[in-house]
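Hello,

I am handing over a structure for you to look at. Please open it first and then read the notes below.

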Amino acid sequence: MTKLAVSIVNYNAGDYLINCLQSLDEVKNEVELKVYVVDNASSDDSIESAKKKFPELTYILNKENLGFGKAHNMALKKIKEEFILILNPDTKILAGTLKYMISFMEENPGVGAATCKILKENGTIDWASHRGFPTPIAAALYYLFNNDSLYHLTSRDMGKTHEVDAIVGAFFLTRKSVLEKVGLFDEKFFMYGEDIDLCLRIKKIGLKVMYI
C-alpha cells in the first residue's frame with residue numbers, strides 16, 4: 001500500500017479539524033497514512049479535542065502563530081514518505097479521492113504537484129484551487145473588468161484533467177523528491193501566496209502542476 005504523509009496546520013479550526021481528521025480516518029484503507037497536525041497556538045479546544053479523539057496522530061504544538069508556510073515546514077522537514085499532502089483543516093476528504101490522486105501521481109512522474117476538484121459547502125467550485133499566475137494582465141482583467149479568465153482560468157473545462165499554473169494549499173499533493181529540489185514554503189510569506197510561489201518553483205524545474 002502506498003504511503004502518504006498529510007500535513008495540516010490548525011489555528012482555532014474548532015469542529016472543522018475534527019471533521020477533517022474523521023474524514024481521513026474513514027479513508028485510511030485507501031493509502032497508508034501518516035498524519036501531522038501542527039497547531040499555531042490555538043485558543044479554542046480544537047487541538048485538545050483532536051488529541052483525545054485521534055491520539056495516534058503526530059502533533060506539533062507551537063507557542064505562537066507562525067503562519068501557514070512556516071508551520072507546514074515544521075512537519076515537512078520530518079516527513080519521510082515520498083507522497084505529501086498539504087491539507088487545510090476545514091476540508092473533508094471523500095472516499096476514493098486519495099487513492100485516485102496517488103494513482104495519478106504514480107502514473108505521471110512528470111507531475112510535480114496536483115489538486116483535486118475542491119467544492120465549497122454549497123457545492124460550487126472553489127476557484128482558488130485553480131489559478132493562473134497573477135501577472136499584471138491577469139490582475140488588471142480581474143480587478144478592473146471582473147474578467148476571471150486568466151486569474152482563475154474560468155474558461156477551462158472543469159470536468160477534465162488539465163494543467164494549471166498554481167493550486168491552493170487547501171489540497172496540495174506533491175512529492176518529497178520535488179520539495180528536495182525546489183525547497184519548502186518560503187517563510188517570508190505569513191499566509192497567502194506561498195502556494196503560488198511553490199508552484200512557480202515547481203514549474204521552473206520542468207514539472208507540471210495539474211488539476212484533476
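**Notes on the strands**

Ile 86 stands opposite Phe 172 in strand β7. The model is predicted, so to speak of local features needs pLDDT of at least 70, side-chain atom pairs count only at pLDDT 80 or more, and totals for chains, interfaces and linings use all residues. Residues are numbered from 1 along each chain as its sequence is written, and side-chain values use heavy atoms, with hydrogens and water left out.

Ile 86 belongs to β4, residues 83-87. Strands here are DSSP runs of E with at least two residues, and helices are runs of H or I with at least four, both numbered from the N terminus. β4 and β7 (residues 171-175) run antiparallel and are joined by 5 bridges; two strands count as paired if DSSP finds at least two bridges between them.

In β4, 5 of 5 residues are buried (under 20% relative accessible area; exposed is over 50%, partly exposed in between, with a 1.4 Å probe and protein chains only). Phe 83, Leu 85 and Leu 87 lie on one side, Ile 84 and Ile 86 on the other.

β4 also runs parallel to β1, with 5 bridges. Here Ile 86 stands opposite Ser 7, and Leu 87 is the bridge partner of Ile 8.

β1 (residues 3-10) has 7 of its 8 residues buried. β1 also pairs with β2 (residues 32-40), in the parallel sense, over 8 bridges. From β1 the chain passes through helix α1 (residues 15-26) to β2 in a right-handed β-α-β crossover: with the strands pointing away from the viewer, the path from the first strand over the helix to the second runs clockwise.

Regards
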